[in-house]
Each structure stands twice: as C-alpha cells, then as structure tokens.
Amino acid sequence: MNAMNSEHADVLIVGGGPVGALAALRLARQGRRVLLIEARARDAEVRDARALALSWHSRELLADAGAWPEDLPATVIDTVHVSQQGSCGRTRLDTSDLNLPHLGAVVDYPALVTGLGAALEQAGVQVWWQTRVCSVKSLSQYACAEVDAPEGKRLLTARLLVLAEGGGLAETLPGIRRLVHDYRQCAVLAEVETELPPQGVAYERFAHDGPFALLPHGERYMLVWTRSQADAERLVAADENALRAQLQQAFGERQGRIRSIGPRASFPLALRQANLLVSGRVALIGNAAQTMHPVAAQGLNLGLRDAVGLSQALEGAADPGDARALRRYAAARKRDSHAVVGFTHGLIKLFDGHHPVQNALRGAGMTVLDALPALRRKFAGHLVFGVQG
C-alpha cells in the first residue's frame, strides 16, 4: 500500500456505464473534481446486444447532461400496448395520457455509451480506462479504492466514492447486504422484422411460455423474451422458421406476419437489491443498488434516477461525503426504488400461471385500467417518471 502512487478527487465513481457516466456529468457540473473508473479500454468495441427502452424522462435527463446528441440513432415509442395470450383485455398507454411528445425511445447500448463518452470528454471529466477496482473502504474523512491500472497498482482517495457497477464491491462494505432472487430464467434477444412497420408502438405481451416485449427498433422490432433457462438455450439454437412460428403463435398478427428473426443472444435474470444505499462515504447507484427483471423495462430508468437523485442531494454541500446529504439521497430514493422493484417482481408473479380464471381476472384488470383515464395516467406517470417521494 505505501509503495503505491495515490491520487485524490472530490468524487470517485466506479463504473462507466450510462448510470455512472450520468452521475459524473452532473457532479462535474457542480464544480466537483470527478474521477470515473471504467474496466473496459477506451477504444474497445462495446459488445452488447441490448436495445435499451428509455422513458422520455430518462431521455431528457441524458439530453440535459449533453449525452443525447441530435444524431443519436434512436427510435421513439409513442404507444405501449399491454396484453396477455389466451384472454381478452388489454391496456394501451399513449402520449396523450401524459401530454408528452413521446413516451420513450429505444437506443442500442453501444450508441448510448458512445454518446456518453463524447459528453464526458467535452465536460472534461477525467476517466481512467482499463482500470479495475480491487477493494474499497470508507474512513471518517475520505473513502479509498485500490485499483489495478495499466501503470500498475494505485491507491485512490475521495471525499465520496460512488459504486455504479453490479459487482461484489458493495457487499464488502459495513452494513451492506444484497437480497438475491434467481428467477431461473433468461432473456432472449433478437431483431424481428414484421410485415407492418412499428410506427412507434411497443408491445408487452404476457405469453404462455413467458412474457416478451417487442420494442420498435428502426424499421424492425427488438424482441426481449423471458424464457426458462432450458427454453432459452433452445431458442438461441433454434431453426429460424420454427422460432418464427412460435413467436407468431404467441403474439398474433397485430403487426401482420413475422418475416424474419435475426441472430439470438441470451442473458440470465435475477433480482439483486441492496438493503442500504449508503455506507459511510460510499453511495450506491444503478446496478450497485439494484438489478431487476427486464419486464416493463424499468431497470436502467431507475438507475438514471439514482444518479440524478444523488446529484440533487449533494447540491450545495461543501463536502460531497457529508453524512446528512447522503442520508437525504438514501431517503429520497427509497420509495421509488422499492416501488419499482416490487412492481416488476410482482408482475412476474402475477402472470405466472395460466388457469382460465386467472386469465379472466388479469384481463378484467387490464380492461379496467384501460377504461379509467385518471388511473391510466397515474400508472403511465409512474412508468415514465418513477414514483415520487
């Protein structure tokens, strides 16, 4: 330790994904010296098949930070159509419910990361690329992190350390435990071409074999299908014709015939939620605070609100690691986080099972939601803006 070179910052952020980058941009705007740590190399190709469904509120937060350039390739969502297979009843949300230009937008993960990287460079935020954090610790006056950088081992200190990645660092801190629920499921991703173009409509369909989303993605759709682990392996390896027929049966012909399904990828699903968002001079945001099931596409949106909530709590604080400011952050984020995690977890449980009586009750619930404008607007508002404290 004593032989290590050391460096100090006001705020040290671990994890250069969208949530960590947004936090860095907002905290740097407050005049703080921010150091962002990212494991990937600066010029490394971002290999991630995900298309991210961002609420319009999230899109505006990114735009405000300079991370949503005009030429960012994104596809808007104007309508969300929710239904279940084998039963009548549906809910349809659209822009008129919230008087917004759009409900959301779909953007490829690599494109969003590229936009954020350009914003960080323009804002002058210092980024240490290709650097891994070995350990973190919180002391009374500062927090520290031991890192493995290209130049060798380094010891970094900061008044505040922010964890924005989903590794095991948070669980090494005093008082932090993580609730883990393995869904024993995987999300299967593939680009789908339908006979009719998307025209701004996103679908959430609770099918017999597992819920799936079809997100408008240019002139095609991005499929995110939750399946058992065994089913996911079969779908990834399946003949395209067989998979196309299976998806057509589960989805119906709202978009006409399914013309093609591209290469597939999958990733396992689990709920992980930290019991605390603050330990000493360390704060948790994004995947360090929670990861969740992709149903309703709330994970990244919630993480971006964490980043904003932290920067708002620290506004005007001379010491970014001030205990009172960090308590404000934890208290302000508790309701939104618990409500969204509970909602997504509850959806999986609610639609697990397809007895005719269950189907009828769920269908009736969706019909009631669709028929009551005030209730529908409140529901849509929670999806777009989160649950306000």
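Strands β14 and β15 form a hairpin with 2 residues between them. In the turn, G218 has a positive phi of about 65°. The model is predicted; local features need pLDDT of at least 70, side-chain atom pairs count only at pLDDT 80 or more, and totals for chains, interfaces and linings use all residues. Residues are numbered from 1 along each chain as its sequence is written, and side-chain values use heavy atoms, without hydrogens and water. Strands (E, at least two residues) and helices (H or I, at least four) are DSSP runs, numbered from the N terminus.

β14 (residues 210-217) runs antiparallel to β15 (residues 220-228), joined by 6 bridges. Pairing requires at least two DSSP bridges between two strands. A213 stands opposite V224 in β15. β13 (residues 201-207) is also antiparallel to β14, through 5 bridges. These two strands form a hairpin as well, with 2 residues between them. Here F206 stands opposite P211.

In a regular strand the side chains alternate between the two faces of the sheet. Both faces of β14 are covered. G210, F212, L214 and P216 are buried on one side, and P211, A213, L215 and H217 on the other. Buried means under 20% relative accessible area, with exposed over 50% and partly exposed in between (1.4 Å probe, protein chains only).

An open antiparallel sheet has three strands in the order β3-β7-β4. β3 (51-55) and β4 (74-77) are edge strands with a single partner each, so one side of each lacks a neighbour in the sheet. β4 and β7 (residues 104-108) pair over 4 bridges in the antiparallel sense. I77 has G104 as its bridge partner in β7.
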